[in-house]
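Subject: Handover of a structure and notes on its contents

Dear colleague,

Please find below the structure that I am handing over to you. My notes follow it, arranged by topic.

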Amino acid sequence: MPIVSANIRVRVPEHLIVGEGSIIDDFCYISTRLTIGRGTHIASGCSIAGGAKFQCTIGDFCSLSSGVKVWCASNDFVNDLIAILPEGIETSSAEGDVEIASYCGVGANSVILPANHLPEGTAIGALSLVPSGFKFEPWMVYAGIPIRPIRKRNRERVMEQVRQLTAPAG
């Protein structure tokens, strides 16, 4: 059974789908369509935002550490007014769905900007910035501002842990 704290703010509750065994901690804010797989943890103080026309998908056995921000829309700070604008005003904002595939982790206070796909097994170190449309390799650790590859993850060990978690009891 998923656990979603009563102390989170979900702008459109019907746009939130939480998988079996997943947890969303206190003081999170969600303003975009969000689908979470099983066994995933979103720690306190995370924001997943950008509006109801965008989708954020987080796979199975993932983790967003405290303070992570995932943006599906962001103002263009150079060319546009930085404000909430009514429909019909042309902007050049960065926009796009964000997908975080299974077995990924995002370190504390990292920021993921719009239009990103983190492939299976990707890990992002704490305090990192992921620019829009960054090209990742699966099973790699990234960190920094701007983000850069650090080293390969141990896929075999992670997948053995997944097998242990998903093995039938008995």
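How many disulfides does a search of the whole structure find? The search finds zero. Please bear in mind throughout that this is a predicted model.

Cysteines

A disulfide is a covalent bond that joins the sulfur atoms of two cysteines. Cys46 takes part in no disulfide, and the nearest cysteine sulfur, that of Cys28, is 4.9 Å away. Because a disulfide requires the two sulfur atoms to be within 2.5 Å, the sulfur of Cys56 is likewise too far for a bond: the closest cysteine sulfur, in Cys72, is 5.3 Å from it. As for accessibility, Cys46 is buried, its relative accessible area being 1%. Cys56 is also buried, with a value of 0%.

Strands of a sheet are held in pairs by backbone hydrogen bonds, in either a parallel or an antiparallel manner. In this model, six strands form an open sheet in the order E2-E5-E8-E11-E16-E19, and their pairing is parallel. Which strands are at the edges? They are strand E2 (9–10) and strand E19 (129–130), each of which pairs on one side only. Within the sheet, strand E11 (residues 69–71) runs parallel to strand E16 (residues 111–112), and two bridges join them. Opposite Val70 stands Ile112 in E16.

Aromatic pairs

A pair of aromatic rings is described by how far apart the centres are and by the angle of the planes. The count for this structure comes to four aromatic pairs. One of them is formed by Tyr103 and Trp139, which are stacked, with 6.2 Å centre to centre and 20° between the planes. Tyr103 lies in the loop between strand E14 (98–100) and strand E15 (105–106), whereas Trp139 lies in the loop between E19 and strand E20 (140–143), so this pair ties together parts that are 36 residues apart in sequence. Tyr103 is buried, at a relative accessible area of 12%, and Trp139 is buried as well, at 7%.

The rings of Phe134 and Tyr142 have their centres 5.7 Å apart; their planes stand at 85°, so this pair is edge-to-face. Tyr142 counts as buried, with 2% relative accessibility. Ring pairs also link Phe134, Phe136 and Tyr142 into a cluster.

Yours sincerely

Definitions and conventions: Residues numbered from 1 in each chain as written. Predicted model: local features only at pLDDT ≥ 70, side-chain atom pairs only at ≥ 80, totals over all residues. Heavy atoms only, no water. Pairing = 2+ DSSP bridges. Helix = DSSP H or I, 4+ residues; strand = E, 2+ residues; numbered from the N terminus. Buried < 20%, exposed > 50% of the residue type's maximum accessible area, 1.4 Å probe, protein only. Phe/Tyr/Trp six-rings, centres within 6.5 Å; stacked < 30°, edge-to-face > 60°.
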